[in-house]
Amino acid sequence: MNKTSNWADEVDEEPLPERQVVANSDGTKTVTEHRRTNSGRTVRLTRCIRDKVVHEHVNRAVAERKQWAKFGAERGASPGPNISTTMVGEQVWLRLSQYAAQQQKEAELHMQQQQEERAKAGKSSYILCRVCRGQHFTAKCPYKDTLVPLEEITGAAETSADAGDAGRSSYVPPHMRAGAKPAPGMRDRRDEGPTIRITNLSEYTQKEDVEQLCRPFGMTERVHVAKDRETQLCRGFAFVSFMDRESAERAIARLNGYGFDHLILSAEWSNDTR
């Protein structure tokens with residue numbers, strides 16, 4: 001049975017016009033090409049091209065590698081990369097540090113000095129027996145079973161002398177004498193200046209944050225942020241000691257109800273300052 005064929009299939013497609021290249025007076029070239037789309041339409045593509053020669057200074061070895069004969073699917077192709085089979089990456093220039101040689105020389109000199117110091121230390125150190133003070137190991141001392149080590153003898157003598165001196169001494173420190181007042185400790189001295197208490201702080205608040213917060217009101221003498229012992233995070237309050245009372249009053253007036261780190265602060269006098 002013969003199948004009837006479509007008359008459109010028997011019609012041969014017309015060949016596309018040849019590519020035309022026209023040289024212009026301004027040094028450019030006009031290239032005209034014809035292409036057939038997927039729908040069967042014939043379109044004309046016109047491009048204006050200007051050739052530009054770029055001179056590039058490259059390493060001699062790199063220039064020689066560019067002239068190597070190609071192999072495989074590119075056998076017989078012209079020198080240079082083919083964009084259809086080769087992806088050209090960005091050119092990266094290697095710049096060596098001008099101080100590399102100097103740094104290497106300094107490192108070698110430092111290493112040499114360390115070796116000399118070790119050699120001097122090895123020469124100055126010597127083996128000393130703890131029993132007879134001879135230049136041999138204590139385990140190999142011939143008198144280790146008959147003599148007592150000198151360190152034990154001198155240590156016992158110093159201990160007995162200290163005990164005798166302590167028993168005969170009549171000196172009593174001033175703070176231990178009758179009627180003497182105890183010396184003020186750090187806990188008593190830390191609140192000498194006017195101190196305020198700032199509460200409702202964020203757990204991520206640091207000492208530097210509180211210092212920067214109180215700096216506009218005057219000079220601070222001491223800033224203490226209470227932190228948890230395990231997590232080392234802020235417990236929500238801090239103490240700030242100012243140099244004068246006026247600065248502390250300004251800080252309380254401005255910081256009480258002030259928004260800081262998405263929280264509303266509360267500032268008041270500490271118990272000792274009241």
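Here are my entries, going from the whole chain to single residues.

**Ground rules.** I'm working with a predicted model, where local features need pLDDT of at least 70, side-chain atom pairs count only at pLDDT 80 or more, and totals for chains, interfaces and linings use all residues. Residues are numbered from 1 along each chain as its sequence is written, and side-chain values use heavy atoms, with hydrogens and water left out.

**Whole chain.** I looked up the secondary structure and got seven helices and nine strands. These are DSSP runs numbered from the N terminus (helices are H or I, at least four residues; strands are E, at least two). Of the 274 residues, 16% are buried, where buried means under 20% relative accessible area and exposed over 50%, with partly exposed in between (1.4 Å probe, protein chains only). The chain exposes about 23800 Å², and carbon and sulfur atoms supply 51% of that; the areas are Shrake-Rupley with a 1.4 Å probe, and for residues only the protein chains shown count as cover.

**The β1-β2-β3 sheet.** I found an open sheet of three strands in the order β1-β2-β3, paired antiparallel; pairing takes at least two DSSP bridges between two strands. β1 (20-23) and β3 (42-50) are the edges with a single partner strand each, so one side of each has no neighbour in the sheet. β1 is joined to β2 (residues 28-36) by four bridges. Across that pair, I see alanine 23 opposite lysine 29.

**Helix α7.** Which residues of α7 (residues 245-255) are buried? I get Ser247, Ala248, Ala251, Ile252 and Leu255. They sit on the same side of α7, because they cover an arc of only 135° around the axis, taken from the directions from the helix axis to the C-beta atoms. Ala253 and Arg254 are exposed on the face turned away from that buried side. The buried residues pack against β4 (195-199), α6 (207-214), β6 (234-242) and β9 (266-269), with contact meaning heavy atoms within 4.5 Å. After α7 comes glycine 257, with a positive phi near 90°.

**Core.** The largest nonpolar core has 20 residues, and Leu255 is among those with the most contacts inside it, as are Ile196, Ile198, Val210, Val240 and Phe242. Such a core is a set of buried Ala, Val, Leu, Ile, Met, Phe, Trp, Tyr and Cys residues joined through side-chain atoms within 4.5 Å. β4, α6, β5 (220-227), β6, α7 and β9 each give two or more residues to this core. I then checked valine 240: leaving out residues up to four places away in sequence, its contacts include Ile196, Ile198, Val210, Cys214 and Val223.
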